[in-house]
Amino acid sequence: MGQESITGLKYLIYNAALLLTLGIIFDSVVTHSKHDNILTHVLTGLGLGLVVLAVMVNPWQLSHGVVFDTRSILLSLTGMFFGVIPGIIAAFIAIIFRMLQGGAGVYTGCSVIVASLLWGILWKKMHYRWKIPYGFWELYSLGIVTHITMLVLMLFMPSNIWAYVLKSITLPVMIIYPLVTVVLGQLMVRRMQLRKEKVRLEQSESQFRKLYENAPSPYQSLDANGNLIAVNNAWLNALGYQESDVLGKHFTFVLVPEFYQVFNTNFPKFKAAGRTENIEFELLKKDNTKILVSFNGVIVTDLDGHFVQTLCVFSDITEMRKQQKILAESEAKYRSLVDSSYSSIAIFDFEGILHFANSGACESLNLSEAELIGKSMFEIFPPGNAEFQLKILHKVLSTGERIVTESYATVAGKGVWYHTSVSPVFDDNGKPYLAVVSATDITHIKEADLALKESQERFEMFMDNLPGGAFIKDCESRVLFANKYLKGAIAGWQKLGRTPSEIYAEEEATAIVAEDKEVLENGLRHMVENIVHSDGSLHYYDTTKFVLSNPKGNPLIGGITLDVTEQRLAEEQRNSYANRLEILRKLDSIVLETRSFDSVCSAAVENLHNLIPFSLLCVNVLEGEYVRIAALHKPAKGYDYIQSGEQYIPNYEYLDYLTAQKTLVLNESPQSFLPPKMPVARRMIEDGQQSFMYNSMIMQDKMVGFLWFTSDQQGFFTAEHQEIADEFADQLALVLHHLQLIEKIQDHADDLEQRVEVRTNELKEANRELESFTYTVAHDLRSPLRTIDGFCSILMEDHAAQLTQDAMENLKVIIKSTHKMDTLINELLELAKLNRDSLKHTDVDMQSLVEEVCHSVITSKVSQSFDIQIENLPPCRADMALIGQVWQNLLENAVKFTLPKTERSIKIGFEDAATETIYYVQDSGVGFEMKYVNKIFAVFQRLHHEREFQGTGIGLAIVKKIIDRHNGRVWAESTIDVGTKVYFSIPKTRAAVAKNLVQHKKQ
Amino acid sequence: MLYPKTILLVEDNPGDVELTKRALRKSGINTNMDVAEDGAEALDYLFCKGDYAVRNPELSPNLILLDLNLPKINGLEVLKQIRANDKTKLLPVVVLTSSKEQVDVEAAYTNGANSYIHKPVDFIEFTNTINHLGRYWLDINESPPRI
């Protein structure tokens, strides 16, 4: 190595060191902007340009105009690390400066600048394209290539110097420049990596901070003294403070005092150990409520391992504690429940190892739970049973389904029945991993069950041996129980649980359901039903249904039923006899009610049809030489050749035969028996009548008629039919006889009735005539009288002069007669009226009535000559007007017959009898002979001549009539020339009679 | 007085007619008497029918003396028809009969008779009765308005 080389080497090292120094300064001064924009590139380029200037200012000057420096290194690395724009700017600055330096190597120098930059850019491209890292060799190779290029470019220097230059610089350049390139490149790579790390760190920190700030869990950080230096939002939210409230405060600020000691003990330990877990504190919230929290934390140390701060997170476990407490309580309850269970409950795993046993299990095995846990089934259960239980356990764990079994085992020499339930316990994945075995000693239940079964069997045996049916139905008529009898006898009862609608036809089912409802309502029902047996036979059942009160639910219907078919049939037979009697009795009553034999027969025949369902019945009655059909019952159609009421000449021989036989039944081919010449009978056979029956009606050994029954069925007439028909025939014979008698009586009665009617009509006619007569008398008899009287008077008035004295006298007689006639008419009318008019009873004051009548009868001109005595007459109950008439007539008579006498006295008195009052009028008149006493009360009967005593002879008749109508009596006593005493009596009222009786008794 | 008052006597017995006429005459009452011999004639007279078709219907009698026992149509029926007709319903009708029967009295008044008088048999009594009757009904009593 020559002198120049060594000098060059020295200068070049200087220059390289400068470059390195400047590079480091540049790198630390130029903060790399995150923003990759043009301005950044330009500024970077200018910066690098300054560095290039700096290294070019201190070059190694080999000769004039030939300078060497480390610009090639810088530019190649610029291209490689900073890219095109900064590279071009730096290169431009370098070229300008080199041009200003001038000299022989000016162009070579410029070309070296460009070449270096190009190689750097090329390396950068290669780095990105092929992902070639910026390692030592990459940088070194860049250095070698760049500087070989540089040496090659020296050849373009003036020929006089290039050899010299090459000789001087080759060695130092090739030794130093690649190495410097590597060193500076490495520096750049380092810086680049540092930058990347920093960015990553910043990102990480910001993420962490976000996480920290927004973390859902509360975080806090304490310094060495226990003061709060950081808390996150969740922490603030959890405790309700503001950050400013708590930062810088000691942790005990938020701690419940009871926990100061815990903190004081644990904080140093925490700091020493570097972490803490599940330390529980009760923290005080701003609103003074407390929360229970659990802390987990780590400490942060500096690089030297000294404590910096704590990082703690806590979680609110208040709720969790509460839940744990509840869970614990629930567990305790569950445990006590399980323990209090009568059953033995244990939990086993797949191997049959016991994990849990309740007190029941402990007791039954006489071991404590601690002793039991861990034991296998084989140690616990009796030998045979353990295998069985394990098998079940495996099945439960494999299927996940509960299994319930009953098993028998001998425990302590005693047979015990167990009811065992094995249920799976599932893990979090839903796979069964444990089994709960619950075993209950059901020995006593089993025993009871057996006893029940036995009782049940006895019940069923009893039921099944009942001679009748027994059943139980629910309230919907569903058959819950039917005994063997019912199941066997009646179709549809073999299967239990069926409703009537499933067994019977709809109508019947509805009736049964209704019946059952009634039973449920009324409690009891007794009935006779007809039921068709499975074999089709009809049976009568006497059924009693009753309510079975069911403590467990709706009431049930119980029923017992007995086959009463035989009794029923017997009863029916009895009934049919009764029916027969009833019909015969009816017949009797018909006989009594009805008058014609034919109507008796017709009515009877209809009734008889109820007993003998014949096709045709003909009642034949013998009437002289003929037989008459008195009644006929025949089918609705056909048989027109036989008619009711027809007469025919009988076959007498046959009738004699019948009379002898009494009854004849021809149940089969009657034609073979019948004599010829019985066309009607033969026609009937042709018309399908196959059975005949004849019953004679015999009265006093004489046939009076016969019955003829036919039926379209062969062999129809039974012995019973015959019996009934005979009875009927006898009855009819009797009826006929009776009727004949009745007819006779009737004839007489009719005759009598007719006569009575005739008489009544006659009487009525007489009455009518009488009434008409009365009326005529009233109206018409008077008119001629008036005319006679009138015209006689006119004669006497108008023609008195022409008439002789004698004629005048005669006219007077005529007038007098007419007046008398008028009186007579009036009295007769009066008498007639007495018959017609009804009495008007009142209380009659006899005393005043008599006095009144006396006044009118005994006129003033005669009164002084009469001695009239009136006793104090008692009252009576009578028709006042009529009684007045009585007194008037009697008094008139008394006056009339007393006038001729000189001693004139009239006495009116009374006699009191028990039941009547007797009044009388006594005079001192002429009297009459008592032999005529009966005549005086008759109409027109007079005992004296008219010239002696005026009068019509009706007065006493009227008296008698009136007193008769009062139910009283009239009589008279008389003696000639002494006087007459006429009595009449009026009956007393019942009240008066009673009163009288009482008075009599008192006396 | 323009016209003498008219009496319609319904009476089948000519003796009674004569006696009545005489009695009225003797009483001196100025009156004109028409006689109907049976019920049918009385009705013809009153309603201007049959033989009486030409009678002036305006001249209805001032008084009707009516016997009950009449041929053809009896007195009660005549009375009923008089009362049933608007023209005659207000006419004074005096029943003059031999009957004293309560039934007849009742029937007469029930059918609207103004009076019921029993003919006495005695001539003097009869004359007095007619006399009183005529005076009362024709002189004293105010006739109903003519319709």
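**Comments on the predicted model**

1. The contact between the two chains draws 16 residues from chain A and 16 residues from chain B. These comments concern a predicted model. On the side of chain B that touches chain A, helix H1 (14-27) and helix H5 (123-140) of chain B each contribute at least two residues. H1(B) provides the largest share of that side, with 4 residues.

2. The make-up of this side of chain B may also be described by residue class. The side of chain B that touches chain A holds 5 nonpolar, 6 polar and 5 charged residues.

3. Chain A contains an open sheet of 5 strands, which are paired in the antiparallel manner and ordered E4-E3-E7-E6-E5. Which strands stand at the edges of this sheet? They are strand E4 (228-231) and strand E5 (275-284) of chain A; each has a single partner strand, so one side of each lacks a neighbour in the sheet. From one strand to the next, the twist averages 30°.

4. Strand E3 (residues 219-222) and strand E7 (residues 307-316) of chain A are joined in the antiparallel sense over 2 bridges. Gln220(A) has Cys312(A), in E7(A), as its bridge partner.

How values were computed: Residues numbered from 1 in each chain as written. Chains lettered and ligands numbered in written order. Predicted model: local features only at pLDDT ≥ 70, side-chain atom pairs only at ≥ 80, totals over all residues. Contact = placed C-beta atoms within 7 Å. Nonpolar A, V, L, I, M, F, W, Y, C, P; charged D, E, K, R; others polar. Pairing = 2+ DSSP bridges. Axes fitted to C-alpha atoms, helices over the stretch in contact; angles between N-to-C directions.
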